[in-house]
Amino acid sequence: MATVAATEPLTMFIVVRKDLIKTLKWNTGSVIAQACHASTAVLHATRDDQNTIDYLSDIGSMHKVILETKNQDSFCNLASALESHQVPLYQWTEQPENIPTALATAPLRGRSPEVKDLFKKYCSLYR
């Protein structure tokens, strides 16, 4: 019998900073580009990991969750907390401005309750 974690789909979590639009007045297309940069980068960086290989082997069934965090502080706190839980991720920093804008996790399955709580603590669904 398969475990619950094995039956969950592989899912990428992509997080962008909401203040890029609300405070810094970036347009929506620019923010979406940041999410694309982060998601592409994490797939490249983890291309040899089995979860990424499996995720890319069925491109018609990819799962992604797009989240937002309020500002740079909450964004950096989330990234640090995920890294402390050994969640593979890529944090995109826009250049030449040197502004952290988005992060994407490698495809995950069966996130631990602690990791789920981190997303709940720092993020909400992107709107």
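This is a predicted model: local features need pLDDT of at least 70, side-chain atom pairs count only at pLDDT 80 or more; totals for chains, interfaces and linings use all residues.
Which residue stands opposite Leu 67 in β5? The legends below take up this and other close-up views.

View 1. Residues are numbered from 1 along each chain as its sequence is written, and side-chain values use heavy atoms, with hydrogens and water left out. Leu 67 stands opposite Leu 125 in β5, and 2 bridges join β5 to strand β2 (residues 63–69), the two running antiparallel. Strands (E, at least two residues) and helices (H or I, at least four) are DSSP runs, numbered from the N terminus.

**View 2. The open sheet.** Its 5 strands follow the order β3-β4-β1-β2-β5, with mixed pairing, where two strands pair if DSSP finds at least two bridges between them. At the edges are β3 (89–94) and β5 (124–125), each of which pairs on one side only.

**View 3. Helix α5 beside helix α6.** The axes of α5 (residues 72–84) and α6 (residues 113–122), which are lines fitted to C-alpha atoms over the stretch in contact, come within 10 Å and cross at roughly 175°, with angles running from 0 to 180 degrees between N-to-C directions. That makes α5 roughly antiparallel to α6, a term for angles over 145 degrees. Contact, meaning heavy atoms within 4.5 Å, is made by Ser 74, Asn 77, Leu 78, Ala 81 and Leu 82 of α5 together with Val 115, Leu 118, Phe 119 and Tyr 122 of α6.

Methods: Angles under 35 degrees count as roughly parallel, over 145 as roughly antiparallel, 65 to 115 as roughly perpendicular and the rest as oblique.
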